[in-house]
Amino acid sequence: MLSASAHARTHRPVSGQPHRHPHPFENDTSAAARAFSSRGDGVAATRNVLRRACFLAVLLLSAGADPAVANEIPDAAALREQIAALRAEQARIAELQRRTEASLQALEAALGGTPAAVAGAGATATAPSAPATAPSTARVADAAPSRLKIAGDLRVRAQGDYGNPRAQDRNSASVRGRLGATWDINDFVSVGGRLVTGDFDDPNSTDVAISNWDDKFRVSLDLAYTRLNFGETQVYFGKMPLPFAHTELVWDNDVNPQGVSATYKHALGNGGALRANGLFFLVDEQATGPESTMLGGQLGYDSPAFGDWKFDASASYYHYTLDSLAGADAGDFRSNLRKPDGSYLSDFHLGDLLVGATYGGFGERFPLRIVGDYVRNFGAATSADTGYSLDLLFGRTSAPGDWRVGYGYSVAQTDAVLAAFSHDNTGIATNYRQHLLAADYVFAPNALITASWAHYKPYQAQDAGSLDPHAWLNRFRLALLVNF
């Protein structure tokens, strides 16, 4: 499946002494000194003066001083002051880089990004390495560095559903609005939150149908968190962005878990990176009774460039303990199998492997992104325990005039994933086979048009429910998206 998020980027500032290259005239200076050494004591004194002057000039040039200053040949104390000033400037630049990276992460979080893998128009690999949807050029409230970051988007979408012999064709429309903000209390602690439209009982969607006799739209809070910054490690508490690289085969892009998470990314010297992400997800808690939780972890690797190619891989395990269903409704159970008492037939212990490749040989405007996802539920009580997807994306959506096209193929068996948190791009959360075509065009700064066609059907007839197991269904979408 394809999706609409963006390949996450995380560049950490690297502090330390820059590598010093030998000055091109150092060898010539040594040769001149040897020539002077064959003369008398008076020449030796001249030689010592010359050596000191050359040494000071080389030191100034190596430290990046203005060449005009070298003519004055300052004393050692002045040199130490200049070196100290340069060191202080270097530290200030490193701190500015760190704050810029934190600001980028805050903006991505405010837009609902996670730390990411790929994007398109149905299932994405988003999080510590993922493609994009719209131009992610959200403006900051102030041109100068600010601790407050505000970002949001508005989407208006038309939809057509056709081909179901057991239901009439339907045309509908929806609106989605999101407005998020983060505030850096200091260099260590930040807080974030986001207001969205949509049903607050639905974790998979922020869309509101344009209907109901012009009723007012519902608005709810779908992000509210505190973040602690430990450099390469970020720790979140509350209702926060999803920390995993993912596609919508397993996680819908609108799901923001509640609990505690941590993300870690370490840049390697060759241009690659190591990633580790963890989450304790408090799904449902009761004052007097059992609770439902999920403990998940992910390890990832981003390769350096091999010519025009870059690669990434993420391996995850998600262990659900679903002992409380008090807060669940039909929209949470969706298409998973259930026992006569209403509880889940299967446990959900998911192993997920995500691999991606990016090719840049067609030019900066036309990257090629390929993402494969394979998931298996090791806790399934049925043989319908597997899902997989393949997404291809060509192009980008970064600047006016950019365009992108994509194709995705996906299969999810009935209990392969927990349907409560998987995609809602069609009416079938699991037990489906799907083809998805998508196209995006940026017609103005921070504004684009998106179109998609999902062609899908039930995968297994015995779990098709009210749908005709042999009928291919079609969903067309056309949307206008504006970021700010």
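Where does Phe484 lie? Phe484 lies in the segment after strand S17 (473-483).

This is a predicted model, in which local features need pLDDT of at least 70, side-chain atom pairs count only at pLDDT 80 or more, and totals for chains, interfaces and linings use all residues. Residue numbers run from 1 along each chain as its sequence is written, and side-chain values use heavy atoms, with hydrogens and water left out.

**View 1. Phe484 after strand S17.** Strands are DSSP runs of E, at least two residues long, numbered from the N terminus. Phe484 is partly exposed, with a relative accessible area of 36%. The class spans the values between buried (under 20%) and exposed (over 50%), for a 1.4 Å probe and protein chains only.

**View 2. A nonpolar patch on the surface.** Its members are Ile150, Leu154, Val156, Leu179, Leu195, Ile210, Phe217, Val219, Leu221 and Phe484. Together they have about 870 Å² of accessible area, from the Shrake-Rupley method with a 1.4 Å probe. Nonpolar side chains (Val, Leu, Ile, Met, Phe, Trp, Tyr) are joined within 5 Å. Strands S1 (148-162) and S5 each supply at least two residues. S1 gives the most, with three.

**View 3. Asn212 with a positive phi.** Phi is near 55° in this residue other than glycine. Asn212 sits in the loop between strands S4 (208-209) and S5 (219-229).

**View 4. Asn431 with a positive phi.** Phi of Asn431 is near 60°. The loop here runs between strands S14 (403-412) and S15 (432-444). Asn431 is buried, with a relative accessible area of 2%.

Methods. Helices (H or I, at least four residues) and strands (E, at least two) are DSSP runs, numbered from the N terminus. Patches are made of residues with over 30% relative accessible area and no salt bridge: like charges are joined within 9 Å, nonpolar side chains (Val, Leu, Ile, Met, Phe, Trp, Tyr) within 5 Å. A salt bridge is a side-chain nitrogen of Lys or Arg within 4 Å of a carboxyl oxygen of Asp or Glu.
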